[in-house]
Amino acid sequence: MSNEKNVSVIVNGSEVKFVTPSHRTLLEALRHEGFVEIKCGCEKGDCGACAVLLDGEPVDSCLTLAWHVDGREVTTIKGIGHHGKADPLQKAFIETGAAQCGYCTPGIIIAAKSLLKDNPNPSLADIKRGLSGNLCRCTGYTRIFEAVQLAAKELRAEGEAA
Amino acid sequence: MLPPFDLCEPQSLADALQALSKHSDARPLAGATNLVPDLRDKRETCRNFISLEALDELRYIKRDGGRVTLGARTTIADILDDDGMKTDAPALYASAQIFGGAMVRTAATIGGNICCGSPSADSVPPLLTLDADVTLSSACGERTVPIDEFYVDYKKTVMRSDEMLTSVSWNVPPQGSANLFYKLARRKGDAITVTGVAVMIAVQGGVCSTARIALGSVGPTIFRAGAAEDMLMGKALSEDIIEQAAKAAADRCSPIDDIRAGAGYRLQTAHSLTRRLVTQAWQQIA
Ligand SMILES: Cc1cc2nc3c(=O)[nH]c(=O)nc-3n(C[C@H](O)[C@H](O)[C@H](O)COP(=O)(O)OP(=O)(O)OC[C@H]3O[C@@H](n4cnc5c(N)ncnc54)[C@H](O)[C@@H]3O)c2cc1C
């Protein structure tokens with residue numbers, strides 16, 4: 001039982017190759033390859049800590065079979081931005097103090113990134129709906145919502161300037 | 001860790017149907033949002049899956065005259081991305097808006113939601129109020145079943161082991177109709193439905209010409225409250241008539257106690273939500 005497959009996937013712009021059995025999740029496979037910025041939380045799709053973009057759309061990597069990402073593109077939080085080249089969302093999280101322990105932050109920024117791509121001017125209700133698949137047990141969400149609103153404002157200003 | 005299982009990845013629907021007919025113990029795997037948690041928690045015992053991942057031919061929204069058809073691999077996010085769905089299936093669109101979180105909506109398919117057979121599957125009450133038909137395909141051919149006849153008991157459907165669901169279709173609701181859905185849950189986003197109600201009400205010449213009431217999470221299957229619907233037909237709806245129908249709808253329920261709510265609460269909310277939605281629908285159109 002359980003067959004194997006050679007998978008080749010682009011992660012944050014670089015090709016990654018591995019062999020995976022059918023029952024390995026994308027979360028397990030990518031953390032094993034060193035992408036430990038993807039956080040392992042509930043492993044049943046409830047908490048969103050493991051969210052990544054798959055071909056630009058947000059998925060829970062704990063619910064995705066590694067087998068299914070062959071030939072596709074994955075973006076983790078490190079592909080969104082990093083020190084020296086931070087994304088407006090990451091800057092806004094720092095600015096507003098939206099991270100406490102920080103465990104949920106990668107997944108929340110992934111979900112927020114996808115929300116702002118589809119909806120550059122979200123209402124508070126839109127933000128709540130966009131982040132309803134992410135749990136944060138420290139902040140009470142207020143500053144997270146503020147951060148997303150701030151980043152949306154920055155991005156709109158950038159768009160108008162361009 | 002998930003338990004080991006066999007997975008094959010057919011590149012065409014024809015190959016997938018062949019695989020299903022050859023392996024009587026094999027089952028389709030679509031978005032895997034039910035299957036992965038169920039495998040992890042050992043609720044799922046199947047160890048042989050046929051992945052539908054490569055079958056783009058099952059991922060579409062088609063319109064032909066007044067008929068809308070969704071391929072089984074159409075995702076909940078695809079439904080939300082299609083503005084036409086707001087009028088082609090208002091209650092289904094509403095159910096997609098409060099379905100899971102963003103990540104689940106990307107992966108979850110309409111076929112998986114219909115086939116999982118869960119009493120809390122949110123797309124199903126809306127589809128029942130639309131009189132939707134499901135198409136079941138096998139290597140020997142296909143058949144169309146009204147979704148009202150699809151469920152036979154808790155997580156049991158009329159689908160054979162060599163069949164899979166390939167599409168679901170319905171007629172666009174007529175002018176002068178209202179199609180609403182309400183999901184009661186512990187919180188507004190990403191929660192399992194405690195009581196789900198969908199209604200379709202149409203008016204013609206001042207009286208109710210179509211009445212559909214479907215209830216979720218209040219019995220072993222999602223069902224239509226036929227007696228309640230009959231009480232509304234042909235009448236100008238008054239508070240009194242609506243109240244009687246809501247009571248009849250609640251009488252059809254056989255809810256259980258679970259960690260999310262007690263049976264008594266479910267009965268009471270089935271009653272009040274039916275009353276509320278029929279009232280709102282009638283106010284919109286009468
Ligand atoms: C965090 C979380 C939140 C959720 N929130 C909701 C919610 O708000 N509302 C809701 O209704 N559900 C919810 N779900 C449940 C689940 O996401 C949905 O039921 C989803 O639509 C299942 O589709 P899938 O493609 O992922 O199915 P899978 O998990 O791939 O399959 C589910 C079942 O259907 C069968 N199947 C799938 N496709 C077919 C087909 N074409 N033909 C025959 N059989 C098929 C499979 O064999 C399996 O038995 C949630 C799940 C999670 C993990």
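Predicted model: local features only at pLDDT ≥ 70, side-chain atom pairs only at ≥ 80, totals over all residues.
In chain A, Asn12(A) sits in the loop that lies between strand E1 (4-11) and strand E2 (14-21). With a relative accessible area of 29%, Asn12(A) is partly exposed. Leaving aside residues up to four places away in sequence, Asn12(A) touches Phe35(A), Glu37(A), Val74(A), Thr75(A), Thr76(A), Lys78(A) and Gly79(A). Lys78(A) is 66 residues away from Asn12(A) along the chain, yet the C-alpha atoms of the two are separated by 7.3 Å.

We can now turn to the place where the two chains meet. The size of an interface is often expressed as the accessible area that is lost when the parts come together. For chain A and chain B, about 2500 Å² is buried between them, and 57% of this area is on carbon and sulfur atoms. The contact involves 31 residues of chain A and 30 residues of chain B. Three salt bridges are found across the interface of chain A and chain B. One of the salt bridges in the model joins Lys5(A) to Glu9(B), with 2.8 Å between the closest N and O atoms. Polar contacts between chain A and chain B, with both residues at pLDDT 80 or more, amount to 10 residue pairs. On the side of chain A that touches chain B, strand E4 (57-60) and helix H5 (124-130) of chain A each supply at least two residues. E4(A) gives the most to this side, with four residues. By residue class, the side of chain A that touches chain B comprises 10 nonpolar, 12 polar and nine charged residues.

In chain A, the side chains of Lys117(A) and Glu57(A) form one of them, at 3.4 Å from N to O. Lys117(A) belongs to helix H4 (residues 105-118) and Glu57(A) to strand E4 of chain A, so this pair ties together parts that are 60 residues apart in sequence. Glu57(A) is partly exposed, at 32% relative accessible area.

In chain B, a salt bridge of 2.7 Å, N to O, brings together the side chains of Arg43(B) and Asp38(B). Arg43(B) is exposed, with a relative accessible area of 55%, whereas Asp38(B) counts as buried at 16% relative accessibility. A further salt bridge, at 2.9 Å from N to O, is made by the side chains of Arg212(B) and Asp131(B). This pair links distant parts of the chain, 81 residues apart: Arg212(B) is in strand E13 (residues 207-216), and Asp131(B) is in the loop between helix H8 (124-129) and E6 of chain B. Here Arg212(B) is buried, at 18% relative accessible area, while Asp131(B) is partly exposed, at 37%. Both residues take part in a network of salt bridges that links Asp131(B), Asp148(B), Arg212(B), Arg224(B) and Glu229(B).

Strand E6 (residues 133-138) of chain B is mostly covered, with six of its six residues buried. In a regular strand, side chains alternate between the two faces of the sheet. In E6(B), Asp133(B), Thr135(B) and Ser137(B) point one way, Val134(B), Leu136(B) and Ser138(B) point the other way, and all are buried. E6(B) runs antiparallel to strand E7 (residues 141-146) of chain B and is joined to E7(B) by six bridges. A hairpin of two residues connects E6(B) to E7(B), and within this pairing Val134(B) is opposite Val145(B). E6(B) also pairs with strand E10 (residues 164-171) of chain B, in the antiparallel sense and over five bridges. In that pairing, Leu136(B) is opposite Leu165(B) in E10(B).

Strand E12 (residues 195-204) of chain B pairs with E13(B) in the antiparallel sense over nine bridges. Ala198(B) has Ala214(B) in E13(B) as its bridge partner.

Methods. Residues numbered from 1 in each chain as written. Chains lettered and ligands numbered in written order. Heavy atoms only, no water. Contact = heavy atoms within 4.5 Å. Buried area = accessible area lost by both parts, 1.4 Å probe. Salt bridge = Lys/Arg side-chain N within 4 Å of Asp/Glu carboxyl O. Polar contact = N/O pair within 3.5 Å; in protein donor to acceptor, adjacent residues only side chain to side chain. Nonpolar A, V, L, I, M, F, W, Y, C, P; charged D, E, K, R; others polar. Buried < 20%, exposed > 50% of the residue type's maximum accessible area, 1.4 Å probe, protein only. Pairing = 2+ DSSP bridges.
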